Every structure is written in C-alpha cells, then in structure tokens.
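Here's a quick briefing to read alongside the model.

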Amino acid sequence: MQSRKTPRVLYIAGYSRSGSTIMDMVLNGHPDVASTGELTFLHDDAADTTLTCSCGAIFRDCPVYGDWLADRPDGEGEVVRRVESRANLDQLIAGHIADGDCTAYRAYALSLFNHVAAKHDAEVIVDSSKSAKDAAGRPIALARLGGLDVRVLHLTRDPRAVANSYLQSGSNWVLEGRRKPRPFDTLRPVMGWMLANKISQRIGQALGPDRYMHVRYEDFQRDPATVLGRIGTFADLETGELGRAVTNGKAFEAGHNVGGNRTRLAPQVVSLSPKPVPRLPMAHSAALRCVCGRTARKFGYV
Ligand SMILES: [Zn+2]
C-alpha cells in the first residue's frame with residue numbers, strides 16, 4: 001500500500017451544545033476533510049452494542065472503524081481515558097506521563113488517525129471530542145504523545161443559550177441512555193461551560209497561538225463564509241466553496257461520527273441567524289452570572 005502523509009487534526013474544543021455537531025458536519029462537506037464526532041469515545045461506544053455510528057452500524061460493523069477496532073489491544077481504551085482525563089491535565093501539560101502510557105497512546109493515536117485518513121482519503125480529520133472531564137487533555141495528548149499536527153478550534157456559544165438548550169431538552173447523555181438523570185441536572189451546564197472553556201483556553205496557551213483559534217458559533221451563523229475562511233487559513237484548507245454552500249442553504253451530512261448530538265443523524269442546514277438570547281429562570285441566571293460572568297464577558301457575551 002502506498003504510504004501517505006499523516007493527517008492534520010482539527011480538534012473542536014469547548015463545551016457541548018456549542019454548535020460543534022453542525023460545525024463538524026459542515027467541515028465534513030469539504031472533499032479533503034473527514035469528520036469523526038467525539039472520536040475519543042470510540043472504544044467506550046464500541047463496547048456497547050446499543051450504540052451506533054452515525055452510518056447506522058454498530059461500531060464493530062462500521063466500514064470505517066470496524067477493522068481498526070478488531071486489531072486494537074485490550075485495555076487501550078483505559079489508557080486513552082487515563083491520559084486524556086481532566087484529572088491528568090496538569091501532569092500531561094508538564095510532560096509527566098508514564099513511559100508505558102506514552103508508548104501505548106502514541107500507537108493508538110497514530111494508528112487511528114492514519115486509518116481514518118486512509119479510509120476517507122482525507123488530509124484533515126475533524127475530531128469534536130471537546131473539553132469535558134473525560135477528554136480535557138486530548139488535544140495535548142494527540143499533539144505531544146501522538147506526535148500529530150493538531151490545531152485547536154475552540155468553539156463557544158453564549159452560556160445563556162447553552163443553559164436554555166439543556167433546560168429545554170435535558171442532557172444528551174441521558175437522552176441517549178448513557179447515564180441516568182442526576183439531581184440539579186439543569187444546573188450542570190453552568191459549571192460545565194465555565195470549566196470546558198477555561199480548559200480550552202489553557203490548551204491553547206500550552207500549544208501556542210499558531211495552534212489555537214477561537215470562534216463564536218453566533219459569528220459563524222451571521223457570516224459563515226468569513227468564519228470558514230478563517231478556519232481554512234488556520235487548517236490549511238480552501239473553504240470558499242464550503243462557505244458559499246452554507247450561505248446558500250445546503251444540507252450537510254455527518255461522516256462516520258461517534259457520539260455527539262442526535263442532529264448528526266439527519267442532514268442539517270445551518271441557521272444563518274442566532275436565536276435571541278433567552279430569558280432563564282432566576283436560579284440559572286444568577287448561577288450563570290456568578291460562575292461564568294467573567295469568562296463570558298471575555299468572549300464578548302454580555
Ligand atoms: Zn460508521
């Protein structure tokens with residue numbers, strides 16, 4: 001088989017409900033890009049035969065992931081979880097990872113991303129695993145342990161819209177049967193938004209300014225062609241045609257996506273104007289002001 005260049009990784013960092021699923025689907029519309037959704041959960045989801053890839057197959061039967069999963073050593077998923085977890089982030093940034101984990105993680109990262117790139121003949125793999133506690137360190141691990149060319153696209157959405165989405169429809173993981181509802185579930189996004197976005201900024205500082213860009217989802221909705229142009233410059237992709245397609249109302253389909261929002265299961269059109277900022281119940285509004293206020297103002301959400 002002809003050897004090919006290791007793909008670039010465009011990593012979507014940030015919190016859930018921030019538009020990452022639709023951004024992932026739009027980028028998947030580029031001929032040189034393959035999107036993968038929350039790729040960090042491939043091992044976990046493959047072990048559960050009630051969960052499927054967005055192609056509809058269980059992961060072990062998926063034409064993209066099936067043969068890769070069949071060849072992976074037992075316990076590899078545990079190494080991935082241990083290395084990427086939020087609890088391990090300080091150690092990861094400081095470079096204090098056990099040699100055995102470094103070796104196993106590097107083998108995992110290179111084999112998976114090269115495999116996905118070869119299946120799709122893609123130059124860029126979009127990984128939308130984001131920055132919650134299980135995958136907080138993933139972009140650092142992919143770059144430093146995996147040796148991959150990782151560029152972090154930090155996507156944010158107004159925390160009031162994120163909290164409102166949670167209030168309206170509940171946790172994606174509860175909806176998908178991955179966990180049971182917990183007390184105060186609707187207040188979880190308050191702390192989650194702040195932590196995930198702080199971590200994304202920290203990842204950006206660790207990787208350096210040429211490896212990090214911040215995009216507000218609302219700006220993408222208002223002017224998709226310009227924002228996609230910025231992302232294209234950042235990821236070395238020509239995105240003119242993609243920008244025109246979004247502006248003209250094209251419906252985009254998911255690639256072979258792991259996890260993520262259920263909207264990935266049907267083609268999606270980008271809504272070209274953000275919804276008005278919702279009014280939240282008083283407890284949520286106060287919690288957001290206290291916990292997220294400073295970070296939200298920094299991103300221009302006032
Ligand atoms: Zn699939």
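A residue is called buried if 20 or more other C-beta atoms lie within 10 Å of its own, exposed if 12 or fewer, and partly exposed in between, with C-beta atoms placed from the backbone. Asp236 comes out partly exposed, because 13 other C-beta atoms lie within 10 Å. Bear in mind that this is a predicted model: local features need pLDDT of at least 70 and side-chain atom pairs count only at pLDDT 80 or more, while totals for chains, interfaces and linings use all residues. Residues are numbered from 1 along each chain as its sequence is written.

**Overall build**
- The chain has 14 helices and 5 strands; these are DSSP runs (helices H or I, at least four residues; strands E, at least two), numbered from the N terminus.
- A compact globule of 302 residues would have a radius of gyration near 19 Å, and the chain agrees with its 18 Å. That radius is taken over C-alpha atoms, and the globule rule is 2.2 Å times the number of residues to the power 0.38.
- Along the principal axes, the C-alpha atoms fill a box of roughly 55 × 40 × 40 Å.
- Of the 302 residues, 45% count as buried.
- Take contacts (C-beta atoms, placed from the backbone, within 7 Å) between residues at least 6 apart in sequence: 79% of them join residues at least 24 apart.

**The sheet**
- The 5 strands make an open sheet with parallel pairing, in the order S2-S3-S1-S4-S5; two strands pair if DSSP finds at least two bridges between them.
- Strands S2 (33-35) and S5 (212-216) sit at the edges with a single partner strand each, so one side of each has no neighbour in the sheet.
- On average, neighbouring strands are turned by 25 degrees against each other, direction ignored. Axes here are lines fitted to C-alpha atoms, for helices over the stretch in contact, and angles run from 0 to 180 degrees between N-to-C directions.
- S1 (residues 8-14) and S4 (residues 149-156) run parallel and are joined by 7 bridges, and Gly14 stands opposite Leu155 in S4.
- Helix H1 (residues 20-28) packs on the sheet, touching S1, S2, S3 (124-127) and S4, and its direction makes about 150 degrees with that of S2.

**Cores**
- A nonpolar core is a set of buried Ala, Val, Leu, Ile, Met, Phe, Trp, Tyr and Cys residues joined through C-beta atoms within 7 Å.
- The largest one has 71 residues, of which Val26, Tyr105, Ile125 and Leu153 touch the most other members; H6 gives the most to this core, with 8 residues.
- Leaving out residues up to four places away in sequence, Ile125 touches Pro7, Val9, Ala34, Thr36, Phe113, Val116 and Ala117.
- A second, separate core of 9 residues includes Ala46, Cys53, Tyr65 and Val258.

**Helix H4**
- The buried residues of H4 are Val79, Val80, Val83 and Glu84. They cover an arc of only 110 degrees around the axis, so they lie on the same side of H4; the arc is that of the directions from the helix axis to the C-beta atoms.
- Their cover includes H2 (42-46), H5 (89-94), H6 (99-120) and H7.

**Positive phi**
- Most residues other than glycine have a negative phi.
- Lys130 has a positive phi of about 60 degrees; Lys130 lies in the loop between S3 and H7 (138-145) and is buried, with 27 other C-beta atoms within 10 Å.
- Asp236 also has a positive phi, near 60 degrees, and is in the loop between H12 (224-235) and H13 (240-247).

Definitions and conventions
Two residues are in contact if their C-beta atoms, placed from the backbone, lie within 7 Å.
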